[in-house]
Amino acid sequence: MSKKNERQEYLLRASIVSRVRVINESHSLWPYLIEPNRQVMAGVFIETEVHLQTGEVVEFDFLQKKVKKIFRGRGRVVRTGANGAVVRVLEVMSLDKPLLRSNPTAEEASKKAASNQRIEVLPDDAKIEELLVSLIGSKIKVAEKPRQSDPTSPVIGTYLSDQGKLLALVVTDVAATNYLGASLARIPAGAAAAAIRTNTIEEEMRDNCYEILNVGASLFNLSGGVHVKLSALLVPPTPLPPDIAELMQTPRMRKDIEVIIPLYETCRMAIYIA
Amino acid sequence: MKVLIIDDSKVMRQIVMRTLRQSGFDSHQFVEAGDGMEAQSIINAVSPDLILSDWNMPEMNGIELLTTLRSQGNAIRFGFVTSETTPAMRQEAKDAGALFMIAKPFTVESFKEALSSILG
């Protein structure tokens with residue numbers, strides 16, 4: 001746990017936090033307060049991919065490096081950010097356990113995901129870039145960006161598990177669909193630009209974007225984990241089904257990226273995980 | 001050699017052909033089909049030496065096509081190029097007589113590895 005600033009707000013890096021979960025239940029007092037002065041632990045910023053809401057009560061396990069023990073904190077979320085949340089700590093106790101790994105291995109995450117019917121890990125930039133380069137063939141660059149507002153006319157790829165459960169969305173816009181579709185078939189950028197001016201998506205561009213997102217299912221399919229398939233590509237003006245609208249509002253994890261395609265334009269996309 | 005590329009996506013067929021050329025197999029003749037049903041008539045017409053087929057397709061999918069060919073006594077060399085590559089599917093493909101399964105997204109290297117002994 002490192003001190004972030006002089007206002008007694010501490011940073012719990014993801015590397016020392018092994019578990020974060022929402023509990024929202026009445027809490028009992030624990031016997032082992034490790035910080036006699038609660039002000040010291042009054043506010044912590046927890047780096048986590050778990051999507052937290054202001055007001056929720058959460059539990060989090062973390063490694064106290066000085067004493068080499070795992071402690072469990074409990075507190076209320078007072079503010080959320082792109083990489084985690086600020087939690088006002090209510091209690092801290094020692095679990096008196098051996099050191100835990102801070103992050104599960106990929107295999108452990110896969111097994112857990114398969115049994116839970118959910119995706120545990122967001123695809124990383126390098127994997128997304130590798131996929132797009134292999135399909136489109138040019139020197140595409142992918143970079144994570146701060147969270148953006150949802151497009152007014154979203155184009156949405158929906159991913160379902162083999163049991164039909166909605167697990168992920170890839171959300172982009174009309175411009176990106178045209179540029180990605182054109183670049184896949186090496187259609188000149190001018191054709192995409194003309195379609196964008198009229199806010200339309202030709203069937204060929206839609207089909208090409210579908211192919212990219214179809215192959216993109218591999219980004220979610222870790223070996224041994226939950227298996228997903230692209231189910232549909234929704235294009236404007238298709239009304240959003242309620243389950244998709246809900247996932248866009250309250251994803252468990254979200255990642256916004258920009259995709260730079262040489263000779264075309266920079267495209268924006270976001271991945272939503274249920 | 002004649003290589004039949006079967007995929008319901010036109011752009012994916014183009015990408016497969018582009019990758020074949022980039023892999024050094026550009027001296028071969030490429031033929032296309034959009035699904036297993038269309039492929040059957042092309043197979044009868046041109047007798048390809050190798051089939052590269054997607055798995056999921058309308059009308060007749062890749063594994064149905066392979067099973068049909070083998071049931072007819074056709075031993076044509078057959079491999080899958082597909083985004084679906086679960087262990088169960090790999091086993092099913094192998095049991096049905098497929099020589100290889102290339103996963104999408106694929107690379108020039110994965111094509112060379114799977115195809116050099118056939119098209120080399």
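User: Which residue meets the side chain of Glu59(A) in a salt bridge?
Analyst: This is a predicted model, in which local features need pLDDT of at least 70, side-chain atom pairs count only at pLDDT 80 or more, and totals for chains, interfaces and linings use all residues; side-chain values use heavy atoms, with hydrogens and water left out. Residues are numbered from 1 along each chain as its sequence is written, while chains are lettered from A and ligands numbered from 1 in the order in which they are written. A salt bridge is a side-chain nitrogen of Lys or Arg within 4 Å of a carboxyl oxygen of Asp or Glu. At 2.7 Å, N to O, the partner of Glu59(A) is Arg74(A).

User: What is the N to O distance in the salt bridge of Arg72(A) and Asp61(A)?
Analyst: Arg72(A) is in strand E6 and Asp61(A) in strand E5, so this pair ties together parts of chain A that are eleven residues apart in sequence. Arg72(A) and Asp61(A) are both buried. Their side chains meet with an N to O distance of 2.8 Å.

User: Which residues of chain B lose the most area to chain A?
Analyst: The two chains bury about 1200 Å² between them, 56% of it on carbon and sulfur atoms. Buried area is the accessible area (1.4 Å probe) that two parts lose on being put together, summed over both. On the side of chain B, 40% of what is buried comes from three residues together: Val11(B), Arg18(B) and Pro105(B).

User: How many residue pairs are in polar contact between chain B and chain A?
Analyst: A polar contact is a pair of N or O atoms within 3.5 Å; within protein, one must be able to donate a hydrogen and the other to accept it, and residues adjacent in sequence count only if both atoms are side-chain atoms. Between chain B and chain A there are zero salt bridges. The residue pairs in polar contact, both at pLDDT 80 or more, number two.

User: In what order do the elements of chain B run?
Analyst: Chain B contains five helices and five strands. Of its 120 residues, 54% count as buried. From the N terminus on, the order is β-α-β-α-β-α-β-α-β-α.

User: How far apart in space are Asp8(B) and Asp54(B)?
Analyst: Asp8(B) lies in the loop between strand E1 (2-6) and helix H1 (10-22) of chain B. Beyond residues up to four places away in sequence, Asp8(B) touches several residues, including Arg13(B), Gly34(B) and Asp54(B), where contact means heavy atoms within 4.5 Å. Asp8(B) and Asp54(B) are 46 residues apart in sequence, and their C-alpha to C-alpha distance is 7.8 Å.

Note on methods: Helix = DSSP H or I, 4+ residues; strand = E, 2+ residues; numbered from the N terminus. Buried < 20%, exposed > 50% of the residue type's maximum accessible area, 1.4 Å probe, protein only.
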